[in-house]
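Hi everyone, and thanks for coming.

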Amino acid sequence: MRAQGEAFRLNKRFAGRTPGALDFDDVAMALGVLVISHGVSGASARLVRGKEGGRIRLNPKIREEGARRFAIGHELGHWLMHESESQMFVCSASDLRDYRESPLEAEANYFSSELLMPTGLFRPLMEKADPDLSLIKEWATLFRASLTATTLRFIRDSKHDCIAASIKNGIVEWSWKKSDGRRVWLHRKQQIEPGSLAWELHQGRCVPDKMEVVDSAAWFRHLPFRFSGEVQEQSISMTSYNAIFTLLWIS
Ligand SMILES: [Zn+2]
């Protein structure tokens with residue numbers, strides 16, 4: 001795929017051979033793109049292509065280093081691959097999770113994910129691993145990536161069938177599943193239910209920091225068919241986002 005190839009070349013050019021080594025601001029500068037950490041409020045990031053070079057503006061709410069690196073990588077993907085399509089990209093938070101709806105957004109995300117977590121470094125770590133947010137958090141730290149980007153990358157590359165979800169105020173804000181996974185899904189704005197670990201966290205209770213088998217009805221009552229598989233769940237509090245992050249493992 002073109003995105004992976006472009007990222008591979010950049011990693012090679014800038015000697016990104018150990019996890020987290022690449023400085024994304026430096027890479028942008030070397031490609032003629034200036035990164036400014038303010039000047040966008042509605043969207044997450046914006047790229048403008050000018051005669052003198054490019055300019056990436058980031059939403060100042062993107063404070064976490066991993067999220068900032070992913071957003072820069074995403075815009076650099078547009079910069080390197082989409083010159084003939086547009087001279088300006090305004091990218092939302094959901095664009096930065098889009099791996100299948102918009103071909104350009106998806107390509108920019110594949111590019112950024114590969115730049116952050118080169119396949120040659122990431123795959124040996126995860127290919128035999130069971131879904132586990134504690135491990136995914138370790139990898140996120142190692143690659144200086146966000147928990148979201150690392151989880152989505154794990155779900156994409158893993159042989160296991162998983163769904164990630166971000167929950168705010170007891171409601172699923174967004175969820176993300178493997179494209180060739182089982183035919184189960186979460187609804188946007190789905191309310192979390194008793195029987196799930198996310199519900200326990202939402203009630204202010206402690207939950208184990210590992211995968212636990214939960215009642216599948218707590219997550220999939222809305223399906224138009226009876227789901228007979230097993231659901232394991234790991235949920236953690238994301239206090240800085242006032243949110244809960246959930247990984248479901250479906251088998
Ligand atoms: Zn974009």
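Predicted model: local features only at pLDDT ≥ 70, side-chain atom pairs only at ≥ 80, totals over all residues.

Residues are numbered from 1 along each chain as its sequence is written.

Now, the overall picture. The chain has 9 helices and 9 strands; these are DSSP runs numbered from the N terminus, with helices being H or I of at least four residues and strands being E of at least two. Its radius of gyration is 19 Å, close to the 18 Å that the globule rule gives for 251 residues, so the chain is as compact as a globular protein of that length. That radius is taken over C-alpha atoms, and the globule rule is 2.2 Å times the number of residues to the power 0.38. Along its principal axes, the C-alpha trace spans about 55 × 35 × 30 Å. Of the 251 residues, 42% count as buried.

The domain assignment gives domain 1 (2-119) and domain 2 (160-250), with bounds that come from an automatic or database domain assignment. The C-alpha centres of the two domains lie 29 Å apart.

Let's look at the sheet with β1 to begin with. Here 4 strands form an open sheet in the order β1-β3-β2-β4, with mixed pairing; two strands pair if DSSP finds at least two bridges between them. At the edges stand β1 (33-36) and β4 (88-91), each with a single partner strand, so one side of each is left without a neighbour in the sheet. From one strand to the next, the twist averages 10°. For angles, axes are lines fitted to C-alpha atoms, for helices over the stretch in contact, and values run from 0 to 180 degrees between N-to-C directions.

β2 (45-50) and β3 (53-58) pair in the antiparallel sense over 6 bridges, and they form a hairpin with 2 residues between them. Within that pair, A45 stands opposite L58, and R49 has G54 as its bridge partner. On another side of the story, β1 and β3 run parallel and are joined by 4 bridges; V33 also has G54 as its bridge partner in β3. β3 is mostly covered, with 5 of its 6 residues buried.

On to the other sheet. Its 5 strands form an open, antiparallel sheet in the order β6-β5-β9-β8-β7. The edge strands are β6 (171-177) and β7 (212-214), each with a single partner strand, so one side of each has no neighbour in the sheet. Neighbouring strands here are turned by 30° against each other on average, direction ignored. β8 and β9 pair in the antiparallel sense over 8 bridges, and I236 stands opposite F245 in β9. Our opening residue, N242, belongs to the loop between β8 (231-238) and β9 (243-250). N242 has a positive phi of about 50° although it is not a glycine. Most residues other than glycine have a negative phi.

And which strands does α7 lie across? α7 lies across β5 (161-168), β6 and β9, running at about 155° to β5. Since 9 of its 11 residues are buried, α7 is largely enclosed by the rest of the structure. Among those buried residues are L147, L152 and F154. A164 touches T151, L152 and I155, among others, not counting residues up to four places away in sequence; contact here means C-beta atoms, placed from the backbone, within 7 Å.

A164 brings me to the core. The largest nonpolar core has 64 residues, and A164 is one of those that touch the most other members, along with A28, I56, A71, C162, I163 and L248. Such a core is a set of buried Ala, Val, Leu, Ile, Met, Phe, Trp, Tyr and Cys residues joined through C-beta atoms within 7 Å. This core draws at least three residues from each of domain 1 and domain 2.

That's my tour, and I'm happy to go back to any part of it.

Methods
Contact = placed C-beta atoms within 7 Å. Buried ≥ 20, exposed ≤ 12 C-beta atoms within 10 Å, placed from the backbone.
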